Amino acid sequence: MTTTTTENAPAPQRQSTRSGPSWRSRMQQMLAAGTLVLIFIAFSIASPEIFPTWGNIVTILYSTVVIGLLALGATFVITTAGIDLSVGTAMALCAVMSGLFIVNWGLPVPLGIMLAILFGGLVGLVNGINVAILDLPPFIATLAMMMVAGGLALVFSGAAPIYFEQPSYMWLSTGSIIPSVPNAVLVLLLAAVIAAVLMSRTVLGRYTMAIGANQEAAGLAGVAVRKWLLIVYTVGGLFTGLAGVMISARLGSAQPATGMGYELDAIAAVVIGGTSLSGGRGTIAGTMIGALIISTLTNGLQILSIPQEWQDVLLGAVILVAVFIDRLRKRRERTS
Amino acid sequence: MTASRRTVLTAAATALLLPASACTGRSRDDVLHVAIVSKGFQQQFWQAVKRGADAEAQKQGVVLTFEGPPTESDIEAQITMLQNTVTRNPDGLALAALDSRAAARALAEAEQKGIPIVAFDSGVESDLPVSTVATDNAAASREAGKHMADLLGGEGQVAVIAHDQVSLSGTDRRDGFIAGIEEFAPGIELLPTQYGGGDQAVTANIARSMITANPDLAGMFGTNEGSAIGILRGVQESGRDDLAVVGFDSGRAQVEAIRDGEMSGAVTQNPVAMGRITVQTVLAAIRDEEVEEVIDTGFLWYDADNLDSDEVQEAIYL
């Protein structure tokens, strides 16, 4: 984690006239990747027979899926300098909706899944309206939505889990198109590719970063800020909907009371991945690495039978370091 | 026209005021008001407690309120609820405390007002409650440990994933199970306990890690419904079919897993009875009758053999 002198001179023209991630975020992304590799090597040395086995790697990947999906959506929102605290309970709500559509209404599984994902988009759209049209601070708007979604999940489910009887639904998470790779991992990978393309190759990504860097300037430059914020929160919601589908497919049931606290894990993954909480900078690859750091650390510490209290302490320390590095960069940016 | 509008308005006002007057309790009518503050209401366990309490309240002709915080870690929200409940002046109060000490101040106020207090589900570190209506969690878990010892023939590695490391139900069940294993199968090696917060997905991840880390693992115990189902999920995903999984509580997924042979068995409390006995005890206290200090609502081991017996069917909550 040594800092190099070269980052004192971020030539403005290199900060992408094209839409790719900036040099700066690529640096932080590489730092995160390096951290992940270090963690992996450290655990492999500490537990050579167990930790680096394929079976355990699948375990790590599987436990990354839900947080990873939530973090993908959160990357867009956080890059606009916003925040979405509602993703955890909205995920539970979408899982419940999936149960209602498929189990209670008897809709075909693919249709039910699509509707549940779209429902997530709808929740995101409402967040977007509150933030972009009604000008509510994102923190407050999504905090309120956190409660609304959590409550609705209980109301719509009658406060009881909804059990799926459709094997094809569970197959979405637990089946394996590729031998010994759970489909859930493929879904995460696919979602990450889509998110990465959206972020680095489309107008959406470019405007997301422009709005986050300086909302006023983006507006003056002709970006329809309100419209694009609506879209960003809706996109975030779609990923939340997918997370709701994937967690209920894994568990074979929609658990209405779950999700609380998941939003913080998602935000942690985004931040560890180098996306700045003050906006304007974010990469999907970084977020995926951030999510993997969290799940690898958790898995490795559990394998070493480290008491849970210390697992939390270590994870918190990793987040602190990540934010500190972000701060450090910002300070250099200002002084250079 | 105006007269009828006034009638409507008066009716509306009366309708609005009625519940308010019902809340102020004793002075307005002769019906007894019992308030229950539980640890939550969204889990099936609490729904079953509520069912038992509601049925008993209806039978006895008393008004019952039943509330609980959004999650079982919202200690402060529960204390606020308790405080508001005491302010409302019910005739009797039952509390399943999330944190037995945090409730002390509100309980003292209830005592001052002469409202009899009954603790249920878990005790309160206070002598204010006239009675504690609860399952002996440690004894129930010890029973689970005994069955685990039998299942494994007294040897092998066993792991516990508990739902939390602070509450009495979490620690009593963990320690009770460990005591059971140590007593009935000293040859079994116990791995350090992990905690999944009762969250199925989190627990499944932990279970997978533990199974990977300990190839000789032969049995796992989950201290509540979410933990048990999470373990089961992790075991299934790991592709192991030779692990003995033992749980606590019941619920549809757990009962089905036991029926299918994926789970060896579980201990369960009797939440319906707990709700019923809690209301009975509060009413007895209101009427100044003698009540026992501790009332055990019992527990039951169930597995594929006795699942369909009447005794088990009454205790499990689906």
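**View 1. Chain A as a whole, in a predicted model.** For 336 residues, a compact globule would have a radius of gyration near 20 Å, and chain A agrees with this because its own value is 20 Å. That radius is taken over C-alpha atoms, and the globule rule is 2.2 Å times the number of residues to the power 0.38. This is a predicted model, in which local features need pLDDT of at least 70 and side-chain atom pairs count only at pLDDT 80 or more, while totals for chains, interfaces and linings use all residues; side-chain values use heavy atoms, with hydrogens and water left out. Residues are numbered from 1 along each chain as its sequence is written, with chains lettered from A and ligands numbered from 1 in the order in which they are written. Along its principal axes, the C-alpha trace of chain A spans about 60 × 55 × 35 Å. Its secondary structure comes to 13 helices and 2 strands, where helices (H or I, at least four residues) and strands (E, at least two) are DSSP runs numbered from the N terminus.

View 2. Of the 336 residues here, 54% count as buried; buried means under 20% relative accessible area, exposed over 50%, and partly exposed in between (1.4 Å probe, protein chains only). The accessible surface of chain A comes to about 14100 Å², and 71% of this belongs to carbon and sulfur atoms. Areas come from the Shrake-Rupley method with a 1.4 Å probe, and for residues only the protein chains shown count as cover. A contact means heavy atoms within 4.5 Å.

**View 3. The largest nonpolar core.** A nonpolar core is a set of buried Ala, Val, Leu, Ile, Met, Phe, Trp, Tyr and Cys residues joined through side-chain atoms within 4.5 Å. The largest one has 74 residues, and those touching the most other members are A:Val65, A:Leu69, A:Leu70, A:Leu72, A:Phe76 and A:Tyr262. Helix 2 of chain A (residues 54-79) gives the most to this core, with 13 residues. Zoom in on A:Leu69: leaving aside neighbours within four places in sequence, its contacts are A:Leu188, A:Ala191, A:Phe239, A:Leu242, A:Ala243 and A:Met246.

View 4. A:Thr240 sits in helix 10 (residues 225-251), and it counts as buried because its relative accessibility is 2%. Not counting residues up to four places away in sequence, A:Thr240 touches A:Leu70, A:Val87, A:Ala90 and A:Met91. A:Ala192 belongs to helix 7 (residues 183-201) and is buried as well, with a relative accessible area of 9%. With the residues up to four places away left out, A:Ala192 touches A:Leu72, A:Ile284 and A:Met288.

**View 5. Helix 11 of chain A, residues 262-272.** Since 9 of its 11 residues are buried, this helix is largely enclosed by the rest of the structure. Among the buried residues are A:Tyr262, A:Glu263, A:Ala266 and A:Ile267. Just after helix 11, look for A:Gly274, which takes a positive phi of about 100°.

**View 6. Helix 12 of chain A, residues 284-303, from end to end.** The helix has 20 residues and reaches 28 Å from its first C-alpha to its last, close to the 28 Å expected at 1.5 Å a residue. The expected span is 1.5 Å times one less than the number of residues. Helix 12 is mostly covered, with 17 of its 20 residues buried. At its start, a side-chain oxygen of A:Thr283 reaches to within 3.0 Å of the backbone nitrogen of A:Gly286. After the helix comes A:Ser305, with a positive phi near 55°.

View 7. Chain B has 11 helices and 13 strands, and 56% of its 318 residues count as buried. It exposes about 13500 Å², of which carbon and sulfur atoms supply 50%. B:Val312 lies in helix 11 of chain B (residues 310-315) and is buried, with a relative accessible area of 0%. Beyond the residues up to four places away in sequence, B:Val312 touches B:Leu300, B:Tyr302, B:Asn306 and B:Leu307.

How values were computed:
Polar contact = N/O pair within 3.5 Å; in protein donor to acceptor, adjacent residues only side chain to side chain.
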